[in-house]
Number of protein chains: 2
Amino acid sequence: MLKGQVRCYSAPLDMAIPASKQRYIPTTGTYPQGFQVSGTHVGVKASNTRFPDLALIASDTPCSAAAVFTTNKFQAAPVQVSRKTLQSRKGDGIRAVVINSGCANAVTGKGGLEDAVQMGRKVDECSGVENDSSLVMSTGVIGQRLPISKILDRIPTAHSTLASTHEAWLNTARAICTTDTFPKLLSRTFSLPSSPDRTYRLAGMTKGAGMIHPNMATLLGVLCTDAAVEPAALQSILKHAVSRSFNSISIDGDTSTNDTIAVLANGAAGGETVRAPGASASADYTALQGVVTDFAQELSQLVVRDGEGATKFVTVRVRNSPDYESGRMIASTIARSPLVKTALYGKDANWGRILCAVGYTQGVAEGTVIPERTSVSFRPVDGSEVLKLLVNGEPETVDEQRASVILQNEDLEIEVDLGGGEQGAAGCGGEDAVYWFCDFSHEYVTINGDYRT
Amino acid sequence: MLKGQVRCYSAPLDMAIPASKQRYIPTTGTYPQGFQVSGTHVGVKASNTRFPDLALIASDTPCSAAAVFTTNKFQAAPVQVSRKTLQSRKGDGIRAVVINSGCANAVTGKGGLEDAVQMGRKVDECSGVENDSSLVMSTGVIGQRLPISKILDRIPTAHSTLASTHEAWLNTARAICTTDTFPKLLSRTFSLPSSPDRTYRLAGMTKGAGMIHPNMATLLGVLCTDAAVEPAALQSILKHAVSRSFNSISIDGDTSTNDTIAVLANGAAGGETVRAPGASASADYTALQGVVTDFAQELSQLVVRDGEGATKFVTVRVRNSPDYESGRMIASTIARSPLVKTALYGKDANWGRILCAVGYTQGVAEGTVIPERTSVSFRPVDGSEVLKLLVNGEPETVDEQRASVILQNEDLEIEVDLGGGEQGAAGCGGEDAVYWFCDFSHEYVTINGDYRT
């Protein structure tokens, strides 16, 4: 428990990465051309005397940009400001994203809005570009004003230390961390049908949906690519990708006031501009949508790997649902059930709790869940045979020994087959929906039950 | 943690009641005339070698009866059987309720249905009444068949030991316990307008919405009165009462396959029969509805007091909502938020998490939550001044010292005022909704993360 209690702000106090998480940290990367980044120490929280808490991601040239924001009705100042910036620029001409951790600048009234505007404008000023060219994000305690003059004072340093090295990207990913135990950074190359020999690059960082001590879960993410994409195409690709990635993960079911995922595309790699479907380049659009969705899934899974107190990484796949939305609601309900999550923590093959969550999911269409058509299985990650727990509403005799072995692994896949619901013939028809989630552990309670300090 | 781990079945192993819970156990009671009850040891779970796990509640004469069942799509066998019994008898002529703990008889196919029918019929046989005069309930592990012959063998003993003493009622309330740390039993007297000098009696028992180790949260309750009530009136009174009591509490947000609340009315106290509104006795109807609702609230609050691992009893009151249902959804969302629940466990005056839950509540009507009209306060249980945390969307400077003192208490009331939403004038208009809930503690995780044994 002590381990949890000292993890009250930012990454572990000494920034040491737990041994079990080392493998998620890249030792090298291929980063998009024309982007430079930095992570700088400000001390947004007075207790943070040395770790970076200001991230700057800047493009040498104007970018297309798109973002998806929290649906929470209490929207933090940076959310309101960034949304307005994107709207007034119609998703074009964005140069940078500036992010602080340590304070969410949420529920801070007019003063908070001014602070967010000032943060962005200071970056614009350093970059020598016109006002309102930067997006702003914050994550941390809510109901407290930013130490705005400290932040403004350090933005020139953040700007002058911009770099494009792997170390700079990693340091920037660290600067947005809060209760995260490791920085979350990925990069990859890809090509597009219109220009198969050209290499494009995509990099992204995110921070955990655990909550900043003490107030708020916040999920932030920034993706950068050197492909050229028109704003409308970028927004629609991002929306598609986020729905299947960041909006299909659950740590604790809470949705923050600050959640934001943004993507910048500066076109530095050349090639044709990717346009929305209907226009000429729709093969490129489809390809890029696939690339970004895969990438966002991989990135969002890192958030689950680092869920507060998490010891398990669980995929729940609801198959053969008569409609996608009902399947998704069932997957989400399983992922949020405290009973399922504590059973997984206890390594208990407790299919009763899974079934129970299927049964009480609200809002699913009539005829979706038919007990005699419902099956539940565990799919081991080692590729060994599926362990059937319930088949068409009838409990299987479970090999508890094997179940126990399967549950020793960090990773598990739960499969719920709805058999097509009322209308479905056995084994055929229907949509699949996937959610990724983690367990509920003692450490989760310790982290989130701490006094504010 | 050891304390939690040995609490894996039924009440604490030695049935010792924790000192802090002693005050919830009545030392005497006034029980409805013409009812007799017993708690008998069966050993439904082999590990239970001496504690009562079969409850029988019987009336000397036929009763009106009504019940509210789980909305979970996977309905346990006793739920299906009791529902059918009530339907076929049109809520009339019920003589008994028989309940076992230790096995939920859920997801047990046709065999399970037969077991549930047999349990009821064995009681009918012992009582010398016609078949299908008894309601049946079960609570415990799902996916396992009842040890039905053991149960049938012990029903004659349960019947022959029926009694109307306080000790018998308390022992019966114990027999339905699972992870409960204390039996939940209440009784009271009341009068009705049509017969002001006549004394009626109402008694009830319930069991915790903690989950039976290891599989399932189950909430069961039985209310008995010696007033005469026609079945339709009884059903509508129960529905009203349960919506404002058992359906307005949350331990962990999971809804079991077995949840059932039933009420029996045998008319043994004489007087006029209470009929549904529109008929002659509607003053009696209104009075009885008030009595039963108050009683059900008090009884359901005992369930929250004994939530698994609970250290706090929290009332959340959402005031001035434009409509009742939206207010209720917001109250329910706060009550289910792991972030709110862990903050309360940590005695942290974390209004940010409360506000966050208000903001992400799904399904509320447009215009319900207007940040500038939203206020959040703590109302201390000692009657001292309200502690304002947020007023019309602006954070207050919180006296942390006082907040800390308020949060030391087991009891707390959170008040969220929506100010009437978009349409409301400040401080006026709107509906109030109330929920009762408990915190999330380390012990909750321990209890629910245990291996099955």
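Reply: Gladly. This is a predicted model. Start with R319(B), which is partly exposed at a relative accessible area of 29%.

Me: Why is R319(B) called partly exposed?

Reply: Buried means under 20%, exposed means over 50%, and partly exposed is in between. R319(B) has 29%, so R319(B) counts as partly exposed.

Me: What makes E415(B) and R319(B) a salt bridge?

Reply: Their closest N and O atoms are 3.8 Å apart. The cut-off is 4 Å, so the pair counts as a salt bridge. E415(B) is in strand 16 of chain B, and R319(B) is in strand 12 (residues 313-321) of chain B. The two residues are 96 residues apart, and the pair links distant parts of the chain.

Me: Is E415(B) buried or exposed, and how do you know?

Reply: E415(B) has a relative accessible area of 11%. Buried means under 20%, so E415(B) is buried.

Me: Which residues does the salt-bridge network join?

Reply: K21(A), D180(A), K184(A) and D306(A) are joined into one network by salt bridges that share partners. Over all chains, the structure holds 34 salt bridges.

Me: What makes R23(B) and E410(B) a salt bridge?

Reply: Their side chains meet at 3.0 Å, N to O. The limit is 4 Å, so the pair qualifies. R23(B) is in the loop between helix 1 (2-5) and strand 1 (35-40) of chain B. E410(B) is in the loop between helix 11 (400-408) and strand 16 (411-417) of chain B. They are 387 residues apart.

Me: Why do R23(B) and E410(B) get their accessibility labels?

Reply: R23(B) has 59% relative accessibility. Exposed means over 50%, so R23(B) is exposed.

Me: What does the salt bridge of R145(B) and D115(B) tie together?

Reply: The side chains of R145(B) and D115(B) meet at 3.0 Å, N to O. R145(B) lies in the loop between strand 4 (134-141) and helix 4 (148-160) of chain B, and D115(B) lies in helix 3 (residues 109-127) of chain B, so the pair ties together parts that are 30 residues apart in sequence.

Me: Why is D115(B) called buried?

Reply: D115(B) has a relative accessible area of 3%. That is under 20%, so D115(B) is buried. R145(B) has 46%, and is partly exposed.

Me: How do you know that Q289(A) is buried?

Reply: Q289(A) has 16% relative accessibility. The cut-off is under 20%, so Q289(A) counts as buried. Q289(A) is in helix 7 (residues 282-305) of chain A. Leaving aside neighbours within four places in sequence, Q289(A) is in contact with I237(A) and H240(A).

Me: What makes strand 10 and strand 15 of chain A edge strands?

Reply: The open sheet has seven strands in the order 10-17-12-16-13-14-15 (chain A), with mixed pairing. Strand 10 (249-250) and strand 15 (394-395) of chain A each have a single partner strand, so one side of each is left without a neighbour in the sheet.

Me: How do you know that strand 10 and strand 17 of chain A pair?

Reply: They share two bridges, in the parallel sense. Pairing needs at least two, so they pair. I249(A) stands opposite W436(A) in strand 17 of chain A.

Me: Why is helix 10 of chain A called mostly covered?

Reply: Ten of the ten residues in helix 10 (residues 351-360) of chain A are buried. Among them are W351(A), C356(A) and Y360(A).

How values were computed
Residues numbered from 1 in each chain as written. Chains lettered and ligands numbered in written order. Predicted model: local features only at pLDDT ≥ 70, side-chain atom pairs only at ≥ 80, totals over all residues. Heavy atoms only, no water. Helix = DSSP H or I, 4+ residues; strand = E, 2+ residues; numbered from the N terminus. Buried < 20%, exposed > 50% of the residue type's maximum accessible area, 1.4 Å probe, protein only. Contact = heavy atoms within 4.5 Å.
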